[in-house]
Amino acid sequence: MYRFYLAIRYLVTRPINLLGMLGITLSVWALVVVVSLFSGFMVVIEEHVRETSADVAVTNLPLWADANKLGRALTDDPNVAATAPRLVHFGLLHEAGKRPPPPPLPGRSALHGGDQPFLFVYGVDPAQERQVSAFDAWLTSEEIPAAMRVADPSRPFATANDRAQVLVGLERMKREGLARGDELVLTTGIRRGGEGRGEFQQVAIELEIAGAFKTRHGGFDGNILFMGIGELGRRLAASDEPGPAEPSPTPGTGNEPAQGQQRVQEIAIRLHDPTAVDDTARRLQEAVFRTLQRRHYGYGLVETWRARNADFLGSIEHQRWLLKIVLFVILVIAAFLMLATLSMMVTEKTGDIGILTSMGGTPGGVTMTFLACGLTVTALGVALGIATGTVTSIYLEEIRQFLIWATGVDLFPLDVYNLDRVPCNIDGWWLLQVTGMAFGTGLLASALPAWRAARHDPLISLRGN
Amino acid sequence: MTSPVLTARCVHKSYRLGKTEIPVLRGVDLEVQSGEIVALLGASGAGKSTLLHVLGLLDPPSEGEILYDGRSVHGLSIRERARLRHDHTGFVFQFYHLIPELTALQNVLLAGMMTDSVLRYWSRRQEAKKAATALLERVGLGDRLKHRPAELSGGERQRVAIARALLAEPRVILADEPTGNLDSNTAEGVIELMFELQRERDAAFVLVTHDEGLAVRANRIIRLRDGVVVG
Amino acid sequence: MIPAFSPFLALRYLLRRPIMLIGVFGVTFAVWSLLVVDGIFTGFVTEIRADVRRSTPDVLVTDLPHDTSYERLRAVIAADPAVRATAPRLRHQGILQPRPAPRGSSSPTIGTNAVNFEDMTMDSGFALLLGVDPLREPEVTPLGEWLDRSVEVLHAHSITRARRSEVLEDPDPDRRSFLLTADHVEWDMRRIFDLPRPERVEDHRSEWPGMIAGWRRLTSLKLIEQGYPIDLMTASFDVAGDGSAQVNTRRIPMAFGGYFATSHRMFDQSMVLVPIETLRTLLGHDIEDDEAIDIVTDVAVAMQPGLSAGELSAAKSRIRTAVASEIGDECAVIDWREQNSVFLRAIAQEHSMMQFVLFVVMIVAAFVIYATLHMMVVQKWKDIGILAAIGGTRRGIGAVFVFCGLVVGSVGATIGSVLGWLSVHYLNDINDWFHRTTGASLFPRHLFDLPVIPVHLELSWVIQVALGAVLLALLVALLPARKAARMEPVAALSYE
């Protein structure tokens with residue numbers, strides 16, 4: 001008992017020990033705030049990526065693949081909730097009747113594209129697409145002004161004329177001053193004949209804007225167009241097969257997907273249990289290979305959403321790791337601080353050590369007293385650091401606003417990262433890790449002085465005065 | 001007749017303890033002539049040490065004034081008072097008050113560094129060292145120059161303290177129970193040494209003690225009781 | 001004046017007190033980590049900035065209205081005394097598609113679309129076309145260096161077949177301005193692809209304009225062979241009398257003319273250099289047409305060497321005024337920093353985050369010094385009284401502790417600087433050694449795509465950090481020193 005009693009008394013009567021605590025507090029605070037900010041950034045990006053990616057996708061399907069058969073093979077898997085076919089193409093988008101300015105200079109434009117005339121075109125079947133992604137929510141987002149909204153979200157590509165209907169990202173529409181009903185031209189090319197080996201021919205597809213869509217992924221919105229899958233397939237095929245147009249149902253009516261020759265390049269899949277994504281992806285890969293009966297040219301690859309974005313997510317993860325190392329440096333210096341204050345205390349308290357021993361304290365008890373001092377300091381520092389760090393992290397946006405208001409300095413220019421507020425993610429596991437690290441270093445820093453105290457010859461200190 | 005080296009005129013000193021004021025000195029008048037040995041005698045708590053600190057300008061009086069060589073030190077700046085403390089008086093304490101990090105020689109030398117700038121001291125460091133060594137030899141510690149206080153006996157420590165007090169050749173030496181912590185044999189030696197040195201240098205000597213036997217060897221005895229001089 | 005006893009006593013205190021070593025360690029560690037982290041980070045930033053700089057001309061006159069003629073601008077811009085040379089630029093966009101190989105099946109096809117938003121130009125055929133005049137461009141851009149660099153980079157990626165582009169070496173300026181490949185090369189290609197060609201190679205004259213692609217396009221083009229036919233698909237705009245435009249889809253055959261590398265990632269990913277005349281023709285301004293104008297979207301300007309920042313900005317505004325009055329419209333004149341502002345801002349953002357962390361490191365290190373000095377003052381209570389009794393002034397007593405802080409700070413800063421300098425200097429060796437012994441890598445290179453970790457540590461910065469540390473030590477030492485100086489000597493003497 002006397003150990004803790006004395007430890008507390010020693011601490012309370014020596015305000016300098018607060019400095020050791022302050023050091024720990026500051027380092028824990030920095031560890032929590034900076035990592036929370038960075039993790040928040042990661043989580044936001046991951047969420048954005050996640051929102052716009054299906055759980056699993058079968059990509060690079062060859063033209064000869066039978067999409068229906070493949071779809072059936074996939075839905076046989078117990079974890080597959082829904083599938084949706086997609087046709088992926090690309091092109092240059094221009095407003096009809098207008099000369100566009102030259103493309104933006106690299107470095108002066110948005111970091112992640114979105115302001116280039118080049119886009120990817122997703123041909124989708126709305127009925128099936130809304131089963132695998134938040135397609136409906138993208139069309140009905142609150143942020144879309146009325147003039148840009150899709151007239152009928154259940155049939156976004158329905159049209160009265162012969163122009164193909166297209167959905168454009170909200171930001172792009174705003175930037176270019178587009179509205180529903182505006183006419184666009186998509187310039188692209190496709191290889192004609194012989195399994196992608198023939199002549200590359202230019203194609204111009206006349207489009208009409210059916211409305212805007214809005215996800216939280218700026219890169220996705222800026223670089224994607226949506227069209228009806230049947231319509232896109234037909235337009236790309238038009239000059240290739242001059243005969244009568246395929247007898248496929250009006251795209252986007254929610255009917256059965258197109259028959260036999262329906263072009264499909266990608267199948268997006270939603271899972272019942274997204275946590276089992278890796279195992280499911282492995283099973284699906286086998287199923288795809290079985291169905292295609294061929295296993296070459298990299299056709300029919302099954303990829304999880306994480307794998308598709310692995311490079312990008314990995315590079316941020318690595319940055320976070322480096323940051324953690326740098327932050328750990330602070331903790332080490334805080335340990336120096338504790339080492340200093342506790343060592344001083346031991347030196348000062350040599351007299352007490354003699355008294356304690358003479359009253360029957362053991363070397364172990366003396367050690368424990370000083371160790372308890374160190375641990376108390378650490379515990380207080382960690383508690384305070386985590387508390388202040390968490391609060392700071394939560395109110396980071398408000399603090400940023402305040403600093404902008406007070407000093408005009410923007411600590412975290414959000415527009416660079418396409419965010420609307422400072423992201424923050426307080427991860428319980430990380431807090432635990434920080435606590436562990438802090439206690440580890442705190443223990444090390446107090447062990448040395450404590451050990452010195454225990455080895456102190458009590459007679460010397462009693463004789464000392 | 002020349003003016004006394006040290007004069008206290010109607011010195012009052014009180015300390016504040018919480019809300020109450022505790023008077024320690026209540027109108028002390030004192031004159032110390034050059035070359036004179038004065039013993040301040042009194043029971044514990046009579047205000048001997050306080051008077052000594054006031055005389056040595058460590059503590060300003062609440063009322064009254066202190067004169068060095070007939071000149072009032074009242075109204076001097078902190079720096080000037082420090083200078084006077086160094087030039088005019090030398091302290092010897094009961095608990096020696098040596099700096100444990102320094103050797104005997106360094107402790108004595110330290111007194112020589114107090115008022116010189118770094119450059120000035122550097123230019124006369126050999127001289128200062130010679131003077132300090134000579135003083136230590138004079139107090140019988142010629143073979144202990146490199147020893148630190150912890151390696152010296154109590155008597156030896158007090159000799160170092162005496163040497164330190166004398167280095168600046170002060171006019172007055174203020175000694176606060178210099179033998180209070182020593183056994184009688186050692187104490188005798190230290191006292192003998194102090195008196196010898198006092199005669200050699202013709203310095204005034206104010207000796208605080210409660211030892212009657214020691215006091216009678218002084219030229220004059222001043223008794224303090226409850227903060228006033230009683231005889 | 002500082003009395004002699006202050007430094008004397010300070011040194012004695014320090015030497016007799018191993019605890020002060022902790023303060024020294026603290027400062028050493030802080031300075032070391034500051035230098036190492038900043039050395040690496042600045043290395044990256046410096047490298048990136050150098051890459052950006054390499055890819056960008058000194059000054060670019062841009063945001064010009066449609067159908068601006070180069071000849072008029074050239075005269076106006078070249079008249080400025082600060083301008084050394086100018087070159088026309090025409091920006092456009094298109095989709096590149098190499099012809100499929102006639103035999104075998106390893107040809108890339110555009111049907112396989114990997115959608116990657118972050119590097120959206122990487123795996124697709126999309127290209128920002130930069131029309132340049134190959135005769136004038138070398139005066140404003142280190143084109144030769146770009147080509148040399150591409151060989152280095154590709155070889156570093158084990159693509160040993162890569163050769164330096166030859167299209168800029170043709171002695172005939174007319175052929176060079178279209179980046180034409182040698183006649184026999186094109187004839188060979190036509191033979192392989194079974195395209196129209198004369199009977200004999202001697203009768204053939206190259207027709208396909210060449211293009212030089214950024215080396216990162218290798219992943220989508222998968223080409224090495226110079227002269228390989230590529231289709232360029234793009235849109236042009238026929239302007240009617242009322243100003244409305246008809247979008248026309250165009251396709252022209254071109255020849256692959258090699259790679260360039262500036263190492264500026266965005267630039268190398270997206271840019272393709274094409275002959276400016278080819279682009280002009282595509283956009284309806286054929287050189288053969290007498291009414292055609294030599295349109296540009298930008299003018300790249302090389303400035304006289306050694307201009308100060310003030311002179312540069314003065315020259316920029318002179319050029320802006322002159323060009324604006326010539327074309328009767330607004331335009332922008334931007335230097336390389338302004339052209340890459342978004343990109344550079346993102347880097348600066350990360351840099352400031354890192355500096356914030358390092359700032360906290362320094363603060364905690366300052367705490368260490370404060371704590372040790374404070375404890376020393378407390379322990380030395382009695383000494384302070386003694387010093388006062390033997391005539392020490394307050395300033396002198398305070399100076400003892402300031403000196404302690406100064407010495408701790410100086411020693412720590414010196415050791416830290418030396419260690420930091422050495423660590424940064426041998427960082428790559430350390431990383432190699434670490435990799436060999438543990439198998440793990442502190443700095444995975446594949447992430448940075450660099451052969452070595454770039455480090456950059458300027459002596460002036462080392463000195464700044466060291467001085468900063470000493471100053472900080474001095475500053476925090478003032479507090480305990482003040483406490484010591486204010487001590488009442490009597491209280492100190494009677495303190496037990």
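This is a predicted model: local features need pLDDT of at least 70, side-chain atom pairs count only at pLDDT 80 or more; totals for chains, interfaces and linings use all residues.
**Exercise 1. The outline of chain C**

Work out how the radius of gyration of chain C sits against the value for a compact globule of 496 residues.

Solution. Start with the globule: for 496 residues, the radius of gyration would be near 23 Å. Now take chain C itself, which has 33 Å. Next, look at the box that its C-alpha atoms fill: along the principal axes, that's roughly 110 × 60 × 40 Å. To finish the picture, chain C has 18 helices and eleven strands, and 50% of its residues count as buried.

**Exercise 2. One residue up close**

Solution. Third, apply the cut-off, which is 20 or more for a buried residue.

Now check who the neighbours in contact are. Leaving out residues up to four places away in sequence, C:Ala235 touches A:Leu92, A:His94 and A:Thr187 in chain A, along with C:Val247, C:Asn248, C:Thr249 and C:Arg250 in chain C.

**Exercise 3. Where chain C meets chain A**

Which element supplies the largest share of the side of chain C that touches chain A?

Solution. Begin with the totals: 71 residues of chain C and 65 residues of chain A take part in the contact. Then list the elements that each give at least two residues on the chain C side; among them are S6, strand S7 (245-260) and helix H12 (341-379). The largest share is 21 residues, and it comes from H12(C). Sorted by type, the chain C side has 41 nonpolar, 24 polar and six charged residues.

**Exercise 4. Two helices in chain A**

Describe how helix H2 (residues 17-52) and helix H16 (residues 428-455) of chain A pack.

Solution. For H2(A) and H16(A), the angle is about 155° and the axes are 11 Å apart. An angle over 145 degrees counts as roughly antiparallel, so that's what H2(A) is to H16(A). The crossing is right-handed. Finally, look at the residues that meet: they include A:Ile24 and A:Val28 in H2(A), and A:Trp430 and A:Leu431 in H16(A). The contact residues divide into nine nonpolar, one polar and no charged.

Notes: Residues are numbered from 1 along each chain as its sequence is written. Chains are lettered from A and ligands numbered from 1 in the order in which they are written. Two residues are in contact if their C-beta atoms, placed from the backbone, lie within 7 Å. Helices (H or I, at least four residues) and strands (E, at least two) are DSSP runs, numbered from the N terminus. The radius of gyration is taken over C-alpha atoms; the globule rule is 2.2 Å times the number of residues to the power 0.38. A residue is buried if 20 or more other C-beta atoms lie within 10 Å of its own, exposed if 12 or fewer, and partly exposed in between; C-beta atoms are placed from the backbone. Axes are lines fitted to C-alpha atoms, for helices over the stretch in contact, and angles run from 0 to 180 degrees between N-to-C directions. Angles under 35 degrees count as roughly parallel, over 145 as roughly antiparallel, 65 to 115 as roughly perpendicular and the rest as oblique. A crossing is left-handed if the near helix is turned anticlockwise from the far one by less than a right angle, and right-handed if clockwise. Ala, Val, Leu, Ile, Met, Phe, Trp, Tyr, Cys and Pro count as nonpolar, Asp, Glu, Lys and Arg as charged, and the others, Gly among them, as polar.
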